Amino acid sequence: MMGNDQSSSEIEGYIEKSRLKVFGLHGWRTNAKILKMQTAAMVYHTKFDLLAVNAPFDADGPPDQGIGTIYPNENYYQWYNRKLGVNDGLESTIDFLSNIFNGSDANLDGSLGFSQGAGVLSLYLMHCKQRGLQFPVRFVILIGGIEPPDHTIVSCHSEPLDIPSLHIIGRADPLLSRSERLLTFYNPDKATILYHSEGHNIPSIRTQLYPTILMWLESLQ
């Protein structure tokens, strides 16, 4: 069920005006606070501000064991609920994201999606493209992303998303093939791919990717 009535004042994040402002979509059955903690080291070293909100649906089951162990006693959320009609549930999510991206105080530079959040972010960009709407951000960062969920928007998608995209993929990620599937939805001429040795997670400082991510972000300013 929809369990998340949030205003812009409830967005998780601190804003420094001189830095890029990026909106984050968390993974399956987690929340905005968890995404902020998961990305804290990367955000610190790559010098952008990450904002996030909880997804619009209450989790319809327990989180992955790792999430439940590291972040216990949390309220968990997800971007769509398979118990609803696929299109109906996702339309609610698209409307939810439209309100966030087009809020009067949004002024976002980019967006970051992790896992399920990356797939839903991609679905939203397809929605914008098919409606002839301008993308609400100038770039996207997709970490351990999975392909967009089944929806008529996806089945009608014919041209790649023409937006600078950074795809961060773990070689030990059991969902690696799905991250590579997500690549096919983006313009290859504007896509940058970074592999790391870890799994289905935000890459740690040990991956030595942070300087490259920082350079990529600086190239967009």
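I looked up the contacts of Thr39 in this predicted model, and, leaving aside its neighbours within four places in sequence, I found Thr39 in contact with Leu50 and Ile202. Thr39 lies in the loop between α1 (32-38) and α2 (40-46), and its side chain reaches the backbone oxygen of Leu35 at 2.8 Å.

I then turned to the salt bridges, of which the structure holds 8, and I followed up several of them.

In one entry, Asp49 forms a salt bridge with Arg19, with the closest N and O atoms 3.3 Å apart. This pair links distant parts of the chain, since Asp49 sits in strand β2 (residues 48-52) and Arg19 in the segment before β1 (20-25), 30 residues apart. I have Asp49 as buried at 6% relative accessibility, whereas Arg19 is partly exposed at 26%.

In another, the side chains of Asp60 and Arg29 meet at 2.5 Å, N to O. Asp60 belongs to the loop between β3 (57-58) and α3 (65-70), Arg29 to the loop between β1 and α1, and the two are 31 residues apart. Here I recorded Asp60 as partly exposed at 28% relative accessibility and Arg29 as buried at 12%.

I also checked Glu147, which forms a salt bridge with Arg178, the closest N and O atoms being 3.1 Å apart. Glu147 is in the loop between β6 (139-143) and α6 (152-155), while Arg178 is in helix α7 (residues 176-183). I noted Glu147 as partly exposed, with a relative accessible area of 22%, and Arg178 as partly exposed, with 30%.

Note on methods
Residues numbered from 1 in each chain as written. Predicted model: local features only at pLDDT ≥ 70, side-chain atom pairs only at ≥ 80, totals over all residues. Heavy atoms only, no water. Helix = DSSP H or I, 4+ residues; strand = E, 2+ residues; numbered from the N terminus. Polar contact = N/O pair within 3.5 Å; in protein donor to acceptor, adjacent residues only side chain to side chain. Contact = heavy atoms within 4.5 Å. Salt bridge = Lys/Arg side-chain N within 4 Å of Asp/Glu carboxyl O. Buried < 20%, exposed > 50% of the residue type's maximum accessible area, 1.4 Å probe, protein only.
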